[in-house]
Amino acid sequence: MLLAPFYFIITTGIRFLKEEKAKSLMDTVRRVLSDKRNHNFKYTERSVRILSGEEEGVFAWITANYHNGFFSSNR
């Protein structure tokens with residue numbers, strides 16, 4: 001059976017937490033996801049990470065331009 005990949009990508013909010021709190025949160029997410037009884041997805045430790053500000057900006061740019069129809073061939 002093929003499993004769908006699962007990504008848990010955290011954005012801005014976690015960068016405001018103290019480092020030990022952020023690490024604890026990420027460790028908890030990884031621990032829960034590493035237990036296959038909790039889900040039916042393809043998971044690796046690299047599937048859980050914090051986006052950099054630059055990456056988050058790129059995704060925001062893509063989203064805004066998509067919603068404005070800039071990627072449509074009907075323009």
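Select glutamate 55 first. Its relative accessible area is 27%, so glutamate 55 is partly exposed. This is a predicted model. Glutamate 55 and arginine 49 form a salt bridge, with 2.9 Å between the closest N and O atoms. Arginine 49 is partly exposed too, at 32% relative accessibility.

How many salt bridges does a search of the whole structure find? The search returns 4. Side chains of opposite charge can pair when their charged atoms come close.

Next, go to helix α2 and pick lysine 23 and aspartate 27. They sit 4 residues apart in that helix, about one turn. Their side chains form a salt bridge, 2.8 Å from N to O.

Move on to aspartate 35 and arginine 37. A salt bridge joins their side chains, at 2.7 Å from N to O. Colour the pair by accessibility. Aspartate 35 has a relative accessible area of 21% and is partly exposed. Arginine 37 reaches 75% and counts as exposed, because the cut-off for exposed is over 50%.

Last stop: asparagine 38. Asparagine 38 belongs to the loop between α2 (19-34) and β2 (48-50). Where does its side chain reach? It comes to 2.8 Å from the backbone oxygen of valine 32. Asparagine 38 is partly exposed, with a relative accessible area of 46%.

How values were computed: Residues numbered from 1 in each chain as written. Predicted model: local features only at pLDDT ≥ 70, side-chain atom pairs only at ≥ 80, totals over all residues. Heavy atoms only, no water. Helix = DSSP H or I, 4+ residues; strand = E, 2+ residues; numbered from the N terminus. Buried < 20%, exposed > 50% of the residue type's maximum accessible area, 1.4 Å probe, protein only. Polar contact = N/O pair within 3.5 Å; in protein donor to acceptor, adjacent residues only side chain to side chain.
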